[in-house]
Amino acid sequence: MNKLITIERHFLEQQKSHPEATGELTDLLNDVAFAAKLVRREVVRAGLADILGMAGTTNVQGEEVKKLDLFANEKIINAIGQHGRFALMGSEENEGTIIPPKNQTGRYVLLFDPLDGSSNIDVNVSVGTIFSIYRLTGDDPSQADVNDCLQKGSEQVAAGYVIYGSSVMMVYTTGNGVHGFTYDPTIGEFLLSHENITIPEQGKYYSINEGSWQQLHSSTIDYINYLKEEDKATGRPYSTRYIGSLVADFHRNLLTGGIFIYPATRKHPDGKLRLMYEANPLAFICEQAGGRATNGKTRIMDIDPTELHQRTPLYIGSTQDVLKAESFEH
Ligand SMILES: O=P(O)(O)OC[C@H]1O[C@](O)(COP(=O)(O)O)[C@@H](O)[C@@H]1O
Ligand SMILES: [Mg+2]
Ligand SMILES: [Mg+2]
């Protein structure tokens with residue numbers, strides 16, 4: 001029986017379990033959920049609103065930007081930035097840090113990927129938004145700078161994602177389990193649908209872009225070949241599932257078990273995915289759900305970041321699967 005708990009109510013209940021909490025984190029999670037509703041409103045009717053297709057520009061990473069990437073970025077900055085709760089923001093679509101419209105009172109930093117899964121935007125396949133929240137390292141918001149963004153993932157106070165799929169869901173953690181909410185468009189609310197999500201110890205899916213086979217290092221090829229071998233005792237062969245939207249690939253494996261890999265390749269020596277607003281937030285969620293996230297050798301959340309847009313190889317999912325993948329790395 002659905003308990004009809006709104007996401008706002010859930011944030012408040014989580015806050016109550018921390019008597020020292022001031023309510024600020026609850027407020028800023030509410031801001032994020034509100035921004036997600038604005039992005040959702042446009043994503044679901046993007047084909048009608050002239051916001052499909054290329055924007056005609058490239059981002060700081062030289063990747064072609066879609067109109068919806070920019071649209072979501074703008075919506076999130078405006079919706080979240082005017083409440084004064086964040087001193088600084090960092091987005092995939094902005095080269096430097098963003099000082100929100102109102103920032104003097106904010107004690108937190110927001111890092112985000114406004115629209116994840118760019119290649120799927122125009123073809124009605126699931127895309128997402130990913131976010132990560134940190135405390136400022138100092139007391140004075142006017143002194144906030146890029147170093148406040150460059151904290152280890154282990155310092156995150158909250159993280160989450162929104163998946164715009166066959167239904168829209170927001171999944172978040174504040175370090176107290178992982179909880180999922182499904183959007184009910186008839187009342188405009190995210191309602192609790194997946195309480196205390198846990199990822200199976202081992203799965204049956206692996207997710208990797210196998211089209212880049214020629215670019216893969218031999219350790220990755222050996223591991224994929226291992227997954228394809230028949231061995232009933234270890235549940236092999238695994239099935240492949242690859243959507244090409246990190247949020248969607250991660251979300252599926254979180255619920256069903258399995259592993260997502262975007263490794264270092266010849267083309268992408270540091271991997272393709274971004275540490276600060278893709279790997280870290282999903283790593284926090286994955287670990288909170290009982291899973292594991294590494295770069296093949298090191299825990300993602302222990303990596304000391306040096307750049308806002310730095311990339312990392314990513315091995316994320318069921319603990320036993322990620323451990324097995326690591327055992328192939330030399
Ligand atoms: O096309 P590839 O090389 O498999 O890359 C797919 C990956 O790229 C991404 O689309 C990158 O994210 P953005 O769309 O936010 O740039 C991930 O969502 C996805 O996992
Ligand atoms: Mg992305
Ligand atoms: Mg993106």
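Residues 24 or more positions apart account for 62% of the contacts in the protein chain with a separation of 6 or more, where a contact means heavy atoms within 4.5 Å. The model is predicted, so local features need pLDDT of at least 70 and side-chain atom pairs count only at pLDDT 80 or more, while totals for chains, interfaces and linings use all residues. Residues are numbered from 1 along each chain as its sequence is written, chains are lettered from A and ligands numbered from 1 in the order in which they are written, and side-chain values use heavy atoms, without hydrogens and water.

**The chain as a whole**

The protein chain has eight helices and 14 strands; these are DSSP runs, numbered from the N terminus (helices: H or I, at least four residues; strands: E, at least two). Its radius of gyration is 19 Å, close to the 20 Å of the globule rule for 330 residues, so the protein chain is as compact as a globular protein of that length. The radius is taken over C-alpha atoms, and the rule is 2.2 Å times the number of residues to the power 0.38. Along the principal axes, the C-alpha atoms fill a box of roughly 55 × 50 × 45 Å.

Of the 330 residues, 55% count as buried. Buried means under 20% relative accessible area, exposed over 50%, and partly exposed in between (1.4 Å probe, protein chains only).

Which residues hold the metals? The table lists the protein donors, that is, N, O and S atoms within 2.8 Å of the metal (3.2 Å for Na, K and Ca); water is not among the atoms, so sites may look incomplete.

| Ion | Donors | Distance |
|---|---|---|
| magnesium ion (ligand 2) | Asp113 (OD), Asp116 (OD), Glu278 (OE) | 1.8 to 2.1 Å |
| magnesium ion (ligand 3) | Glu92 (OE), Asp113 (OD), Leu115 (O) | 2.1 to 2.2 Å |

Asp113 coordinates both ions, which are 3.7 Å apart. Along the chain, the donors of ligand 2 follow the spacing D-x2-D-x161-E. For ligand 3 the spacing is E-x20-D-x1-L. Here Glu92, in the loop between β3 (86-91) and β4, is paired with Asp113, 21 residues apart.

**A largely enclosed helix**

Nine of the 11 residues of helix α6 (residues 246-256) are buried, so the helix is largely enclosed by the rest of the structure. Among them are Leu246, Phe250 and Leu254. Gly257, with a positive phi near 90°, follows α6.

**Backbone details**

Most residues other than glycine have a negative phi, and most peptide bonds are trans. The peptide bond from Arg236 to Pro237 is cis, with omega near 5°; Pro237 lies in the loop between α5 (218-228) and β11 (239-240).

Asn124 has a positive phi, near 60°. This residue lies in the loop between β4 and β5 (127-135) and is exposed, with a relative accessible area of 76%. Asn196 also has a positive phi, near 45°. Asn196 is in the loop between β9 (189-194) and β10 (205-207) and is partly exposed, at 46%.
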